[in-house]
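Subject: Structure for your files

Hello,

The structure we spoke about is below, with the sequence. My notes follow it.

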Amino acid sequence: MKLESIAFALGEKKIKVSDLFSDARLVKKTGIEHVYETNEATSLLAKRAVKSLGNFDKSDLTACIMVTQTPDDFLPANAIPISSDIGLKESVLAFDINQGCSGFVQALSLLDVLLNKHKKILLITADRYRSKLDVHDRSTNAVFSDGATASIWSNKGERELIFEQHLTDGSKRDWLYHSAANNAVCNLHMSGAEVWVFTRTKVVPMLKEALRTTMEQGYEIGSVYLHQASAVVVDGIKAAIADIDNAKTPTNYFNYGNTVSSTIPILLSENEMTQKSGTIDIFCGFGVGLSCSIVGLVKK
């Protein structure tokens, strides 16, 4: 597979976290000074990201995948009207992935299979979690941002997915959820301490295994793209894999906050994958589920 182009869009309203909560310790803990909020529909945010790609040949795109947990419609899949609105042909395959912070990485796993039959695929991530939040909840309102990304992937054999690992633990559902039961109106709930424990006890061992396995196979580590949850999470994971050069684990949570499914592709748009043959880039997403997905792409 080959990443042909990538772009992102943020909520149009930039909010200082210190204006939401006066506790300076909160910003120090999260590392997030600003969050972004949109009054737009998720589809409009997504289309802004697509527009930021600039001009591209729409006739080459035969599939459109959208990762979102804040859909405008429960049906049809939000990728369907978006593919029409941006001018893709009617023969396009279009569907949604209902996943959050692991969603982009899981989409890479699907792309690896779909690109055997499709020349080019448009992958969209878009979430506006701020529409779900309790304004008094420090654990969520000081962290989550609204954002979207768009990327085009082709079947050119520049990179190969050679490592894949997934974890899904539905028994921890109550640690991070937003219920739609009986059309209930409720806010997103996150048990921050428990989710942090999950990253330490599940995500870190998985990531260490991925790094060890790929290096034992003779691959050099290019970059490690982590879900940009917050400082306490990301910096903790980086400390746990301290044998990996710090420069190889870029971060940007301090600029954009936690944009859910878009954190890794935004990070990728600002820190391109390795261009050295035989080098592997690791992508690690984790969160809602609770879930964790890791893939490794090798430059041929």
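Aromatic residues come up five times as pairs in this structure; rings of Phe, Tyr and Trp (its six-membered ring) pair if their centres lie within 6.5 Å, with planes under 30 degrees apart counted as stacked, over 60 as edge-to-face and the rest as tilted. Y253 and F254 make an edge-to-face pair, 5.3 Å centre to centre and with 75° between the planes. Y253 is buried at a relative accessible area of 6%, whereas F254 is partly exposed at 37%. Here buried means under 20% relative accessible area, exposed over 50%, and partly exposed in between (1.4 Å probe, protein chains only). F104, Y225 and F283 form one aromatic cluster.

This is a predicted model, in which local features need pLDDT of at least 70 and side-chain atom pairs count only at pLDDT 80 or more, while totals for chains, interfaces and linings use all residues. Residues are numbered from 1 along each chain as its sequence is written, and side-chain values use heavy atoms, with hydrogens and water left out.

Two charges sit over rings, meaning that NZ of Lys or CZ of Arg is within 6 Å of the ring centre and within 35 degrees of the ring normal. K172 lies over the face of W175, 5.6 Å from the ring centre. R173 lies over the face of Y177, at 4.2 Å from the ring centre.

Next, the sheet. It is open, with four strands in the order β8-β13-β12-β11 and mixed pairing. Helices (H or I, at least four residues) and strands (E, at least two) are DSSP runs, numbered from the N terminus; two strands pair if DSSP finds at least two bridges between them. β8 (159–168) and β11 (220–226) are the edge strands, each pairing on one side only. From one strand to the next, the twist averages 15°. Axes are lines fitted to C-alpha atoms, for helices over the stretch in contact, and angles run from 0 to 180 degrees between N-to-C directions.

β11 and β12 (residues 279–287) run parallel and are joined by five bridges. Contact means heavy atoms within 4.5 Å.

Six of the seven residues of β11 are buried, so this strand is largely enclosed by the rest of the structure. Helix α10 is also largely enclosed, because six of its eight residues are buried: T263, I264, P265, I266, L267 and L268.

Helix α5 (residues 103–114) has 12 residues and should span 16 Å at 1.5 Å a residue; its end C-alpha atoms are 16 Å apart, which agrees. The expected span is 1.5 Å times one less than the number of residues. Nine of the 12 residues of α5 are buried, so the helix is largely enclosed; among them are F104, Q106 and L114.

Last, K120 lies in strand β6 (residues 120–127). K120 is buried, with a relative accessible area of 19%. Leaving out residues up to four places away in sequence, K120 touches E4, D60, L61, T62, A63, I152, W153 and S154.

Regards
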